[in-house]
Amino acid sequence: MLTIAAAHDWKLIKGDVTSAFLQANELDKDLFIEPDAVLKKAFKVNEGELLRVVKPGYGIGEAPRHWWEKVKVDFKKLGLQPCELEPCMWQVRRPQTRRLIGMVMAHVDDFILAGDTAHPKWTNI
């Protein structure tokens, strides 16, 4: 990605999603936790009661998968296409010529973007 961006003289933009896992879709199975003293007090939970976890959060094993599934859906809605050789890289191409006009590289909740800022399809992303 860096080589391609440099060859096109594209500026790199970095991004980080705050509380990314909490922005994922709801869990697809029931998950309950026994709250600690702080949560018991905050949620007025009685001794022996459990809390149901609705959204994935840090520390839940499936959280990264749920987050990535949401990212993939959102990227496709924006017109990005997954790279065949690198599953963490997404591309934006001109519809007629298939010429590359932008790229997004993802690692968990960190992103690097590079693209043709003169092209409206890229700037609308």
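## The largest pocket

A pocket is an open set of grid points with protein on both sides within 12 Å along at least five of seven lines. The structure described here is a predicted model. In this model, the largest pocket holds about 230 Å³ of space. Two elements, α3 (63-77) and β7 (110-115), each give two or more residues to the lining of this pocket. Helix α3 supplies the largest share, five residues.

The lining of the largest pocket has 13 residues in total, and V71, D74, F75, L78 and F111 are the ones that lie nearest the centre. By residue type, the lining divides into 10 nonpolar, one polar and two charged.

## The cavity

A cavity, unlike a pocket, is a set of points where a 1.4 Å probe fits but cannot get out. The count of cavities of 30 Å³ or more comes to one. The volume of the largest cavity is about 30 Å³.

Which residues line the largest cavity? They are K11, I13, A114, G115, T117 and W122. Sorted by type, this lining has three nonpolar residues, two polar and one charged.

## A nonpolar patch on the surface

L2, L12 and I112 make up a nonpolar patch on the surface. Together these residues have about 260 Å² of accessible area. L12 belongs to strand β1, which covers residues 12-16. The relative accessibility of L12 is 40%, so L12 counts as partly exposed, given that this class runs between the limits of 20% and 50%.

## Salt bridges

Side chains of opposite charge can pair when their charged atoms come close. Over the whole structure, a search finds seven salt bridges. One of them joins K29 and E62, with the closest N and O atoms 3.0 Å apart. K29 is in the loop between β1 and β2, while E62 is in the loop between β3 and α3, so this pair ties together parts that are 33 residues apart in sequence. Both residues are classed as partly exposed, because the relative accessibility is 49% for K29 and 23% for E62.

E62 also forms a salt bridge with R65, where the closest N and O atoms are 3.4 Å apart. R65 has a relative accessible area of 40% and is therefore partly exposed. Through shared partners, salt bridges join D28, K29, E62 and R65 into one network.

A further salt bridge is formed by the side chains of D30 and R52, at 3.4 Å from N to O. This pair links distant parts of the chain, 22 residues apart, with D30 in the loop between β1 and β2 and R52 in strand β3.

## Two residues with positive phi

Most residues other than glycine have a negative phi. S19 has a positive value, near 50°, although S19 is not glycine. S19 sits in the loop between β1 and β2 (32-33). With a relative accessibility of 36%, S19 counts as partly exposed.

K44, also a residue other than glycine, has a positive phi near 55°. The loop that holds K44 runs between α2 (37-42) and β3 (51-52). K44 counts as exposed, because its relative accessibility is 72% and the limit for that class is over 50%.

Technical notes. Residues numbered from 1 in each chain as written. Predicted model: local features only at pLDDT ≥ 70, side-chain atom pairs only at ≥ 80, totals over all residues. Heavy atoms only, no water. Patch = residues over 30% accessible without salt bridge, like charges linked within 9 Å, V, L, I, M, F, W, Y side chains within 5 Å. Areas by Shrake-Rupley, 256 points an atom, 1.4 Å probe, with all protein chains shown as cover. Salt bridge = Lys/Arg side-chain N within 4 Å of Asp/Glu carboxyl O. Helix = DSSP H or I, 4+ residues; strand = E, 2+ residues; numbered from the N terminus. Buried < 20%, exposed > 50% of the residue type's maximum accessible area, 1.4 Å probe, protein only. 1 Å grid on protein atoms, 1.4 Å probe; cavity = no way out; pocket = protein on both sides within 12 Å on 5 of 7 lines; lining within 4 Å. Points joined across faces, edges and corners; volume = space filled by probe spheres on them. Nonpolar A, V, L, I, M, F, W, Y, C, P; charged D, E, K, R; others polar.
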